[in-house]
Amino acid sequence: MTDSVHPTRRHTALPKARTLIEALPWLTRHNGKTVVIKFGGNAMVDQELKAAFAQDVVFLRQAGLRPVVVHGGGPQISAQLTRLGLESEFKAGLRVTTPETMDVVRMVLAGQVQRELVNLLNRHGPLAVGMTGEDAHLMAATKRYARVDGEVVDIGRVGDIDSIETGAVRALLDDGRIPVISSIARSADPSDGEDAAGEGGGVFNVNADTAAAALAAALGAETLMVLTDVEGLYADWPDSDEVISELTATELEKLLPELASGMVPKMEGCLHAVRNGVRTARVLDGRVPHSILLEIFTDEGIGTMVVPDKREGEPTP
Ligand SMILES: Nc1ncnc2c1ncn2[C@@H]1O[C@H](COP(=O)(O)OP(=O)(O)O)[C@@H](O)[C@H]1O
Ligand SMILES: CC(=O)N[C@@H](CCC(=O)OP(=O)(O)O)C(=O)O
């Protein structure tokens, strides 16, 4: 029998097979690798995008990667403060956090935003487990001050990561779970919060970009992905929409003093990550559906990628 008598049947699903096969080199490269994904408050306000985000994260997990989600919730915290008749004040991009504000931050991040993400992920199976940096001593922080016009200002219970104990997160990953982490840390000072009032004491509000970057470094993650509401790092923001597609740690360090508030913790975080063992740190447009899959499984690199300074003879990540 020849092909001309019995031609191969036309399978309409063939393009799908091709698409899957195109992802094979990336699947091989990323198998077993840890990816820390920071999901930002501003990329988190659209229901469809949130559902697509959850699908992407579960896809990574089912494709053999070890995804960890660290989430923000700035807009959601501000909305709740407004409902309670409290003010939102930011200094150098950080929320001024009174003991009263701290209670709201904790309630919104751990009780609302984290719960919603966990439930979205768990539509796909018993995968996600929520925790805050307080759980199992995951994150300890010390008080952080802001610098405004060269002056050091007290912004209350805002913390900077002091140390990370990754044991609980690693155990969850080994068990095939997806940790979903709120950026609240316990105080590194054991006597903190033991005063008479104890209000807001014992815990710190940590910027979620800072927390994600510190965790990526502590886990020795392959990649840090920061999803936000712009295409990436603009070269000349707000005057131009030219996105910097790739830059080295040293190039980023030179740019940092020129950056405006929202981007500062993100790019500082990316720099910290690649200087501490993370292979690539990326800022992605969370408004693009499935931006995570596009970034990991295609060569259509979107957003901005920060890489460590190249050493002689080293291949590009
Ligand atoms: N150079 C820059 N490139 C891109 N965005 C910038 C830049 N400088 C400042 N921004 C601002 O940073 C914002 C992102 O930070 P933020 O609002 O804190 O995001 P998220 O809620 O996702 O954490 C952008 O929407 C933009 O307004
Ligand atoms: C100290 C500080 O500013 N903490 C942030 C924590 C949440 C966060 O970082 O959320 P986004 O990623 O959505 O901005 C805040 O209180 O808004």
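Helix α4 spans residues 74-83, and G74 lies within it; helices (H or I, at least four residues) and strands (E, at least two) are DSSP runs numbered from the N terminus. The model is predicted: local features need pLDDT of at least 70, side-chain atom pairs count only at pLDDT 80 or more, and totals for chains, interfaces and linings use all residues. Residues are numbered from 1 along each chain as its sequence is written, while chains are lettered from A and ligands numbered from 1 in the order in which they are written.

G74 belongs to a set of annotated positions. An unreviewed UniProt entry places the feature "binding site" at G73, G74, R95 and N205. These positions gather at one spot, because no two of their C-alpha atoms are more than 11.7 Å apart although they span 133 residues in sequence. UniProt positions follow the numbering used here, feature names are shortened, and annotations may be inferred rather than shown by experiment.

N205 is part of strand β10, residues 203-205. Setting aside residues up to four places away in sequence, N205 touches R95, T97, M102, V105, R157, V158, G159 and I184; contact requires C-beta atoms, placed from the backbone, within 7 Å.

A residue is buried if 20 or more other C-beta atoms lie within 10 Å of its own, exposed if 12 or fewer, and partly exposed in between, with C-beta atoms placed from the backbone.

| Residue | C-beta neighbours inside 10 Å | Class |
|---|---|---|
| G74 | 22 | buried |
| N205 | 27 | buried |
| M263 | 24 | buried |

M263 is found in helix α9, residues 263-275. Between M263 and A216 there are 18 Å in space, C-alpha to C-alpha, and the two are 47 residues apart in sequence.

Strand β14 covers residues 304-307; T304 and V306 point one way, M305 and V307 the other way, and all are buried. In a regular strand the side chains alternate between the two faces of the sheet. Strand β12 (residues 246-248) runs parallel to β14 and is joined to it by three bridges; strands pair if DSSP finds at least two bridges between them. T248 has V307 of β14 as its bridge partner. Strand β13 (residues 280-285) is antiparallel to β14, also with three bridges, and V283 stands opposite T304.

Ligand 1 is surrounded by 16 residues, the closest being G40, N42, T228, W237 and G262; a residue is near a molecule or strand if its C-beta atom, placed from the backbone, lies within 6 Å of it.

Technical notes. Contact = placed C-beta atoms within 7 Å.
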